[in-house]
Amino acid sequence: MAVFGCAGCGAVLTTAVSEVALPIHLADTHWETLHPPLLEAGSYAVDPAPYGPPWRQWDEVGACEAAERGRFAPCGALSDGASGTILLAPGDMRGTGLIIERAAGYCRGIDGRDGPNLACLGCDLPVGTRMDDCGCWQVVRLVPQAVVRLPGPPERPVMEWAELLATGALWHRLREYRDIPAGVALAQVVVAAGGAPVEVVSGPVAELLGRSLGALLPVGEDAKRLDLAGPGFGEPASDLVLVPVHPQTGDMWQPRSGAVPVPMDAALWAELAFPPHRTRLPAVGGLPAGVERDDPLPPHPWYPFQPSRAAFRYTLARMPAVKEPRLRAIYDRGC
């Protein structure tokens, strides 16, 4: 495991953290809402893309330079900041203090607009950027040039898929934010389909993506069939299958049937493949004879589920396939 320290004085800046895959749902959304931490406590990930000021607009950068940076469609400002920032949960930080003059935000916290806003308490070296404003995942981005890796305890072993399922490691706090990884998955399906019609198998996948795919893709014959596949679930006969991304390694689960795998956040996949079992009966024992329960029915949403448009566009803009005319038209139209 890693412990990160200050490059200036060597002071310890984090608790021991284990490297995991960069989450595939980095897009910010849900303005006026406070988000949970992007990463679980005790973990960190490395973002290879530049992040932080100075920022340049798409028109200033140009399509060629933007493509070299992994942006293939107009997507607002591009960063000229440091590459390889180290992401971790704010609660895993140690020995740092906030740089007040760089603590600007939108309304409910700090959004990192002014660059590194955390300084080492030992030598005042700016070492990272904390973000916790509304519309942002709570995260700290350590500047790679400002930190060093210190000796830490042995690394946690990589868990097999069976162990992830058995221990419940794939289930975590999606709740009202599940539309963000759903928007990422929607972009992945649209690209995998190549603009062709998609027939979604009835069930949880149709409830999650069916309406949006019907609005974005044409209707016609020879539609590609979309379903779930994965560890402990099986491989249905489909052309496209949504499969989980390993939360530690970032590797997709690979089907053996020849179907095209489409990556999906592992927690969202587990929610679809193995929905939580809810019962109105007591967990232990039963009710006395003649006594009836009168629990309210589970709440139903006010409107049909909609994947995040921001996450959809965020993901599609970072995929080279968006340069194809059909997919670029979908990107420009949104979802």
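Tutor: Leu-125 counts as partly exposed because its relative accessibility is 29%, where buried means under 20% relative accessible area, exposed means over 50%, and partly exposed lies in between (1.4 Å probe, protein chains only). This is a predicted model, in which local features need pLDDT of at least 70 and side-chain atom pairs count only at pLDDT 80 or more, while totals for chains, interfaces and linings use all residues. Residues are numbered from 1 along each chain as its sequence is written, and side-chain values use heavy atoms, with hydrogens and water left out.

Student: Where is the place of Leu-125, and which residues does Leu-125 touch?

Tutor: Leu-125 sits in the loop between strand 8 (118–120) and strand 9; strands (E, at least two residues) and helices (H or I, at least four) are DSSP runs, numbered from the N terminus. If we leave out residues up to four places away in sequence, Leu-125 touches Cys-6, Gly-8, Leu-118, Ala-119, Cys-120 and Ala-146, a contact being heavy atoms within 4.5 Å. Leu-125 also shows how sequence and space are compared, for Val-147 is 22 residues away in sequence and 9.7 Å away in space, C-alpha to C-alpha.

Student: How should I read a sheet, and what is the order of the seven strands that form an open sheet?

Tutor: Strands of a sheet pair through backbone hydrogen bonds, and the pairing is either parallel or antiparallel. The seven strands here follow the order 2-3-6-10-9-8-7, with mixed pairing; two strands are said to pair if DSSP finds at least two bridges between them. Strand 2 (18–19) and strand 7 (96–98) each have a single partner strand, so one side of each is left without a neighbour in the sheet. Strand 2 and strand 3 run parallel and are joined by two bridges, and Ser-18 has Ser-43 in strand 3 as its bridge partner.

Student: Which way do the residues of strand 10 (residues 139–142) point, and how many bridges does strand 10 have with strand 9?

Tutor: In a regular strand the side chains alternate between the two faces of the sheet. In strand 10, Val-139 and Arg-141 point one way, Val-140 and Leu-142 point the other way, and all are buried. Strand 10 pairs with strand 9 (residues 126–131) in the antiparallel sense over four bridges, with Met-131 opposite Val-139. Strand 6 (residues 85–88) is also antiparallel to strand 10, over three bridges, and there Leu-87 has Arg-141 as its bridge partner.

Student: What is the order of the open sheet of four strands, and which helix packs on the sheet, touching strand 12?

Tutor: The order is 12-13-14-15, and the pairing is parallel. Strand 12 (198–200) and strand 15 (260–265) are the edge strands, each pairing on one side only. Three bridges connect strand 12 with strand 13 (residues 224–228), and one of the pairs joins Val-198 to its bridge partner Lys-224. Helix 4 packs on this sheet, touching strand 12, strand 13, strand 14 (240–245) and strand 15, and its direction makes about 165° with that of strand 15; axes are lines fitted to C-alpha atoms, for helices over the stretch in contact, and angles run from 0 to 180 degrees between N-to-C directions.

Student: How many residues of helix 4 are buried?

Tutor: In helix 4 (residues 179–193), 14 of the 15 residues are buried, and the helix is thus described as mostly covered. Just after helix 4, Gly-194 takes a positive phi of about 65°.

Student: How do I describe two helices that meet, and at what angle do helix 7 and helix 8 cross?

Tutor: Two packed helices are described by the angle between their axes and the distance between the axes. The axes of helix 7 (residues 309–316) and helix 8 (residues 325–333) cross at roughly 145° and come within 10 Å. From helix 7, Phe-312, Arg-313 and Leu-316 meet Leu-327, Ile-330, Tyr-331 and Asp-332 of helix 8. These residues divide into five nonpolar, no polar and two charged, where Ala, Val, Leu, Ile, Met, Phe, Trp, Tyr, Cys and Pro count as nonpolar, Asp, Glu, Lys and Arg as charged, and the others, Gly among them, as polar.
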